[in-house]
Amino acid sequence: MRKKFIIAAAMLSAGLSAQAAVTYIDSDVTTSTTLPALPAGDYYSMTNVVYVMPGASLTLEAGVLFKNSGDGSLGVTRGAQLFVEGTKEAPVIFTGLNDNFSTWQATANQWGSIAILGNGLISASEDDGLPVLNSSGVANTKEPDGYSDNTMEGLESAFVGDTRHYYGGNNDNDDSGSIKYLSVRYGGQQSSKPNKELNGISLGGVGQATEFEYVEVMNNVDDGIEIWGGKVSPKHISIWNIGDDSFDIDQGWRGQAQFGLLVQGYSLVAGQGSGVGDNLFEHDGAEDSDAQPVTTGEIYNFTAIGQPLSGDGATVWRDNCRMQYRNCIFMDIGEELVRFDNVDGDGAQGYGINGTLSWLDTWTTPHTALPSNGTTVAPAALYTAQSEGNFAEITDSIVWDTLTDSGDKYMEVGVTNAANNNVFVSATNELPIVSIVRGPAENISGKIMLPVTSLNPLAANAAVSSTRVAPDNGFYDQAPYVGAFSANHNWLLGWTAADQFGMIDSTGHTAPAATLTLGGVSISFPSQDGIEYTVQSSSEPGFTNAVDVAEITGNGSTMAYVDATLDTAEFYRVILK
């Protein structure tokens, strides 16, 4: 059972201002715990690293607010679960003490991060050319044997034998919980370790049974969201003004992602990679490059907006990675659309070693050719994200504004081939979104930034429709447009910092009505966006013999369920799933 409790509380005041009650969470969560939303103005706070321990869960109800400082971070260990039950109207927010919830600030490093650690397969056999030892003190192998694990970047042992910060295992279906409507702001560093830069959210070995959707990271000193291995599949993610890479993938991730907005900028005045945005998508295959599993994923319906003067790569390819991009928008790319880095600087050996494919071959080899490390052919069950096409692809996408970097490999790998159905445009009247407004140029540590101050990301012009839709596999929505947004529904509204800070233009947004046309007895109900509902029927009004007849995900409009059997003797009700 989950229980509600308050761990510790203190009152803070500043001069004659109203007092705010602060509830400090300062010890590991060892029993399943639910934190309710506090009265307006009050908040929870972490000042050190707090772990949810194996066998326990932490549930954060809609409207929970954390204002953390110093080393304040949340870690969810292997075997533990995190349930973030935010809504469009009341998201869960993790932020720093100085967030005023109305104005964007050029700052980060106010607190640490969120790390979720799962039992999915990872590849982590080497680091800087040295073997990586697992939590049992044995060197990880290059085989997908389920014995490899690793320590999460930025987290450290607190005592001899401490394994709370390890991730990885043998269960790609692992369930670390459900995260919905979560906004993470102004984080990225632990004050007691000034050289440790943390990601906004780190997902290590997280399994595909974990739900991860409607998640935002705003202003972080290191990467926005970074995934190491596993099969977790994000949906509806927004990543703004990140100090390093916006969306980073490592160590054999084999998931899918859909509906993402990446907006490149800067989080604070510092160098590129520690405050000024680096790459939009950065993906490494495995460490070392011939280890299994190797990153082999699929990304649909992302809108990636770079910095036109001092931006870095849009997609960066390293260490045998295989990735498919479909129905995506790439805008204002300052350097390369496709950058071939080959190696990540961590001692891996790049493409084409020990029987692995060369860089160019990944773009022409069908996804059905299972990866090999020269001696071992990987089992098909490890690689289920890609269902068609070649290992590496960019198809059915729009690239807006002229690419001028001489190092760009997009033509070499065939992105401009007619069969890939990509559109390259630069005219203002062909903008694939409704509007983008940038502020004056700012020189941030030698990089010229044009910060995005207003954005209407709804599809426009060529992005309004697409001949390709994502597979009907239970995860994807069959969205017949290019980019993260349709022409009339903006899923950023109401819950994101970007909207709260006045950076989102809502012009043209409507909540589309959901209707079914089967005929018969109909039941309608108002819904909340992203909330799951169950429709039940019964032959008597007390519902003692209730039967689940439908599951419906709300979108903020009035939803409808129709019983095509025309059995008017039935009673119906709608409950939260």
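Modeller: A search of the whole structure finds one cavity of 30 Å³ or more. The model is predicted: local features need pLDDT of at least 70, side-chain atom pairs count only at pLDDT 80 or more, and totals for chains, interfaces and linings use all residues. Residues are numbered from 1 along each chain as its sequence is written, and side-chain values use heavy atoms, with hydrogens and water left out.

Rolling a probe the size of a water molecule over the atoms shows where empty space is left. On a 1 Å grid over the protein atoms alone, a cavity is a set of points where a 1.4 Å probe fits but cannot get out; a pocket is an open set with protein on both sides within 12 Å along at least five of seven lines; lining residues have an atom within 4 Å of a point. Grid points are joined across faces, edges and corners, and a volume is the space filled by probe spheres set on the points.

The largest cavity has a volume of about 60 Å³. Its lining includes V49, S73, L74, G75, S113, A115, M152, L198 and S202. Strand β9 (residues 73-76) gives the largest share of that lining, three residues. Strands here are DSSP runs of E with at least two residues, and helices are runs of H or I with at least four, numbered from the N terminus.

Buried means under 20% relative accessible area, exposed means over 50%, and partly exposed lies in between, with a 1.4 Å probe and protein chains only.

What lies beside β18? Strand β12 (residues 114-117) runs parallel to β18 and is joined to it by four bridges. L117 has G204 of β18 as its bridge partner. Strand β20 (residues 225-228) is also parallel to β18, again with four bridges, and there S202 stands opposite E226. Two strands count as paired if DSSP finds at least two bridges between them. Strands of a sheet pair through backbone hydrogen bonds, either parallel or antiparallel.

These strands belong to an open sheet of nine, in the order β6-β9-β12-β18-β20-β22-β24-β26-β29, with parallel pairing. β6 (49-52) and β29 (338-342) are the edge strands, each pairing on one side only. On average, neighbouring strands of this sheet are turned by 15 degrees against each other, direction ignored. Such angles are taken between N-to-C directions and run from 0 to 180 degrees; the axes are lines fitted to C-alpha atoms, for helices over the stretch in contact.

F330 and F247 have the most contacts inside the largest nonpolar core, which has 67 residues. A nonpolar core is a set of buried Ala, Val, Leu, Ile, Met, Phe, Trp, Tyr and Cys residues joined through side-chain atoms within 4.5 Å. Apart from that core lies another, of 35 residues, including Y214 and M331.

The largest pocket has a volume of about 1,200 Å³. It is lined by 46 residues, of which E213, K235, F475, Y476 and D477 lie nearest its centre. β19 (211-220) supplies the largest share of this lining, four residues, while β21 (235-242), β23 (256-263) and β39 are among the strands that each supply at least two.

β39 is part of an open sheet of three strands, β39-β38-β41, with antiparallel pairing. β39 (547-553) and β41 (571-576) each have a single partner strand, so one side of each is left without a neighbour in the sheet. Strand β38 (residues 532-538) is joined to β39 by six bridges, and V535 stands opposite A550.
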